[in-house]
Amino acid sequence: MDRISGIELFAQIARQGSLVAAGRQLGLSASAVGKGLARLEQRLGARLVHRSTRRLALTAEGQQYLARCLRILEEADAAERELQQGLAAPSGRLKVGVPHESGLLTPHLADFMRRYPQVALDLDYSDRLVDVIGEGFDVVVRGGEPGDSRLAARRLGSYHMRLLASPGYLAEYGAPRTARDLQHHRCLHYRLPHSGKLLPWPLLDAEGRTPRRRSAPAATPARR
């Protein structure tokens, strides 16, 4: 910071041609500007300015140093402008992890793309447990409770699960009347991709317990 401050101070001295005027632009006294210039010259080991009671002129070394200083300050100003423009109009690449069953998200993703056309969405459709930081994700959407305490999580919403069967299945096997009746039906279970375990249905019997199936499920669709 001292180096950047010295560059800005010297550039103002050269532009204004006066320690007093430079101090006025920087909000400093003429004495403080003079001491700052002396520290800069001491650090560089070169005289940058010829000073007298009436006039101020750059030395050959000062003119050479000023050219570099002006380029540095112009680059710093350009960097600030680019950053401010980027904040006003988001742009760049955004890597987002979404689950396979993302019908609820698709309309929102389309709205986002229309609203921010300069943002390139990199969508990863997967139900696996990703390494958010290691794999370079900016946002990951998942169901359930987050397990990584290093990550900041925000609830987006909720959904309802339904128990469904086709008319043909009910005609052949009959309709279950209680959760315990499902032990004798051909149920579809979701296989967790990270562990291979079957996800049980979140149903409770009359006693508030999850009924256990004795027969194997008819199919176990897995996500890869």
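Let's start with a pair of residues: Lys 95 has Asp 122 as its bridge partner in strand E4. Before going on, note that this is a predicted model, where local features need pLDDT of at least 70 and side-chain atom pairs count only at pLDDT 80 or more, while totals for chains, interfaces and linings use all residues. Residues are numbered from 1 along each chain as its sequence is written, and side-chain values use heavy atoms, leaving out hydrogens and water.

Lys 95 belongs to strand E3, residues 92-98. Strands (E, at least two residues) and helices (H or I, at least four) are DSSP runs numbered from the N terminus. E3 and E4 pair in the parallel sense over seven bridges; pairing requires that DSSP finds at least two bridges between two strands. The open sheet has three strands in the order E4-E3-E5, with parallel pairing. Its edge strands, E4 (119-125) and E5, each pair on one side only.

Is Lys 95 buried or exposed? Lys 95 is buried, meaning under 20% relative accessible area, whereas exposed means over 50% and partly exposed lies in between (1.4 Å probe, protein chains only). Lys 95 has no salt bridge, which would be a side-chain nitrogen of Lys or Arg within 4 Å of a carboxyl oxygen of Asp or Glu. The nearest side chain of opposite charge, Asp 122, is 5.1 Å away; here Lys and Arg count as positive and Asp and Glu as negative, with His and the chain ends not counted.

Now for a contrast: Met 161 is exposed, with a relative accessible area of 61%. Met 161 sits in the loop between strand E5 (139-140) and helix H6 (167-173).
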